[in-house]
Amino acid sequence: MPSFLKNITPFLGTGERNEKGETLEEFLAAYDPGRYRAPSVTTDALIFSYEGTPVPESCWKVLLIRRRNHPCIGCWALPGGFIGMEENLEVSAGRELMEETGVEGLPLEPFAVYGNVNRDPRNRVITTAFLSIVEASRVEVKAGDDAADALWFSIRCRKEEEREEGKEKRTRYCLELEAPKRNLSMTAQVEKRERTGLVREGGFSVLEDGKIACDHAAIIVQGWELLKSRMISFDN
């Protein structure tokens with residue numbers, strides 16, 4: 001098949017032929033991308049809003065959409081979806097955010113990758129999570145695309161337990177999300193596992209999802225802890 005890219009010059013290497021005697025052009029013409037099962041790639045946008053000034057004591061909320069379709073139909077989730085073949089990840093994240101919530105024009109920072117085998121029943125799905133913040137009065141939220149609803153939820157996240165297990169530190173969080181005007185509330189349990197030392201292997205995982213779709217409760221807690229740490233650093 002022809003190359004996925006129009007310009008293959010950056011991939012010529014030294015210009016020599018491979019062991020089969022093929023040039024890069026010949027290799028690409030014979031290459032079959034269907035030879036290997038390929039995972040699907042998505043992006044998810046974690047958007048926090050604040051009122052007043054962005055400090056830990058502000059009234060912080062997180063933007064969620066209610067899923068219109070399977071899987072996790074009816075559950076609340078981060079806005080996101082599958083990337084386009086000719087989209088960079090940040091472009092995909094911004095497009096999905098706009099299509100599902102009407103929010104656009106925000107800077108988006110990648111901060112986590114989630115790809116456990118059991119995170120989606122449709123296929124092997126790997127997602128990159130993006131983070132942004134916005135002053136609440138600057139945006140108007142309107143559900144669209146695959147979202148049955150879009151809503152700001154106030155966020156409360158507290159540590160409930162910390163323990164050491166050998167070279168690992170485990171922290172359990174309780175995540176509480178509320179939208180009082182809609183009489184909605186969700187509570188999830190998330191655990192952070194971190195190997196101590198110079199290389200800190202670990203991650204965030206959901207213990208109880210609280211009707212928050214997929215592993216999105218873990219993504220929210222990870223992003224919230226990152227944001228809080230930055231606010232504290234800036235304040236000092």
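1. Glutamate 99 is partly exposed, at a relative accessible area of 28%. (Buried means under 20% relative accessible area, exposed over 50%, and partly exposed in between, with a 1.4 Å probe and protein chains only.) Its partner is arginine 95: the two form a salt bridge, with the closest N and O atoms 3.2 Å apart. A salt bridge here is a side-chain nitrogen of Lys or Arg within 4 Å of a carboxyl oxygen of Asp or Glu.

2. This is a predicted model, in which local features need pLDDT of at least 70, side-chain atom pairs count only at pLDDT 80 or more, and totals for chains, interfaces and linings use all residues. Residues are numbered from 1 along each chain as its sequence is written, and side-chain values use heavy atoms, leaving out hydrogens and water.

3. Why are arginine 95 and glutamate 99 separated by about one helical turn? They are four residues apart in helix α2, residues 89–101. (Helices are DSSP runs of H or I, at least four residues, and strands are runs of E, at least two, numbered from the N terminus.)

4. Arginine 95 also forms a salt bridge with glutamate 96, the closest N and O atoms being 3.1 Å apart. Glutamate 96 is buried, at 7% relative accessible area. Arginine 95 is partly exposed, at 22%.

5. Another pair is arginine 163 and glutamate 165, whose closest N and O atoms are 2.8 Å apart in a salt bridge. Arginine 163 is partly exposed at 29% relative accessibility. Glutamate 165 is partly exposed too, at 38%.

6. Arg163 and Glu165 belong to a network of salt bridges. Other members include Arg156, Arg158, Glu160, Glu191 and Arg193. The structure holds 23 salt bridges.
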